[in-house]
Amino acid sequence: MKICHNKVPKTTVILAVALLLIWYIFIPDSTNREKHPGVYNNDITSNLGYPISPHVADIIAESERNHDIFVAKRDACLKDRSLTHANLWTGSPTFWDHFAPTTSCPFALRRLGKVGDGGKWICGLKEIAKKPECVAYSFGVAGETSFEQELLDTTNCTLYAFDPTVPRISLDVSKYPGRVHFYQVGLGTPPYFKPPRSSVSFPVKRLKQFMSELNHDWIDVFKVDVEHAEYEAMDDIIDDFPNGLPFPHVNIEVHLHLVSEISEEVKQFDDLLKWWLRLEKAGLRAYMNEMNYLGGIAKSKVTAVEYAFLNIKPFISGN
Ligand SMILES: *[C@@H]1O[C@H](CO)[C@@H](O)[C@H](O)[C@H]1NC(C)=O
């Protein structure tokens, strides 16, 4: 059994897997009820705006156990393998394998927008479409709005679109009276964000500021495509909402800096991992990823990946 590319103490791995198996086979259901009390409460409507059936609750609970199993394996890999700029991209697991999706969307998935760059996978579009009112925030709409358009066509959501790089959204707003609002400001740590290798800085605000200015306390559809500002933006969101993130899922395009020094690549991995672990701790679990090969430079060196994350907290605790 070879979990990582280089040597792993086999006995440790076998022991860990055996212990996990014993735990999951023999643990009585009642313990899970205590750990995740909300999971078995099908009266939950919470901020989601729709009830959670026992079937969906079961999928979430099982997905959480499956997530933990993957995380244990990933942690064992990271512990047993010293990463270098060489094995980071060519050894197994490669860079992005560490950031694999670990959970299921408990509803049908639907990809909104055009095939390829611009489209996004949405979890539970049908549930969102049943809401008489719903709020969508989309950060980064320059050039490509096929996702936003299909969202407007398939739901009753009001779209709040943000982009500091363009003066308006290229979308036939008259088709959706009162349902499209555009702001020439970005998401990030105020007051400005300067993308790497850009000479221009753009005005940005925190999500919490936008939400209080617009008088929202919940976002049903949340897209973040902000050219490297996603790191500070998500850090701020996690800091600003310590009692639970105000959205059921989020689509984020994660960008790597094109580091010029090969020795910086390991640091980049470590920084991404640290950020990723923060997202996981806040309740986010990736349920989908798509490599953006347009920006890839060689082999597995893909520098942008589209992720869709579920926020499991509202499904578990009703918060
Ligand atoms: C969406 O809006 C239309 C037009 O106002 C309305 O007829 C429809 O009932 C709404 N859908 C839901 C699920 O409320």
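This tour moves through the model from the whole chain to single elements, naming what to select at each stop.

**Before selecting.** Residues are numbered from 1 along each chain as its sequence is written. This is a predicted model, in which local features need pLDDT of at least 70 and side-chain atom pairs count only at pLDDT 80 or more, while totals for chains, interfaces and linings use all residues.

**Whole protein.** Colour the protein by pLDDT, the predictor's confidence in each residue, from 0 to 100. The mean is 87, and 83% of the residues reach 70 or more. The protein has 10 helices and 12 strands; helices (H or I, at least four residues) and strands (E, at least two) are DSSP runs, numbered from the N terminus. Of the 319 residues, 32% are buried, that is, 20 or more other C-beta atoms lie within 10 Å of their own, with C-beta atoms placed from the backbone.

A contact requires C-beta atoms, placed from the backbone, within 7 Å. Where pLDDT is low, the predicted coordinates should not be read in detail.

**The sheet.** Display the seven strands that form an open, mixed sheet in the order β5-β4-β3-β9-β10-β12-β11; strands pair if DSSP finds at least two bridges between them. At the edges lie β5 (180-183) and β11 (284-291), each pairing on one side only. From one strand to the next the twist averages 15°, with axes taken as lines fitted to C-alpha atoms and angles running from 0 to 180 degrees between N-to-C directions.

**Strand β4.** Select residues 157-162, five of which are buried among the six of β4. Strand β3 (134-139) pairs with β4 in the parallel sense over six bridges; V135 has T158 as its bridge partner. Four bridges join β4 to β5, also in parallel, and A161 is partnered by F182 of β5.

**Strands β9 and β10.** These run parallel and are joined by two bridges. Select K223 to find N251 of β10 opposite.

**Helix α8.** Finish at residues 230-240, where E230, Y231, A233, M234, D236 and I237 are buried. The buried residues of α8 pack against β6 (186-187), α7 (207-214), β9 (221-224), β10 (249-255) and α9 (264-281).

Key. Buried ≥ 20, exposed ≤ 12 C-beta atoms within 10 Å, placed from the backbone. Contact = placed C-beta atoms within 7 Å.
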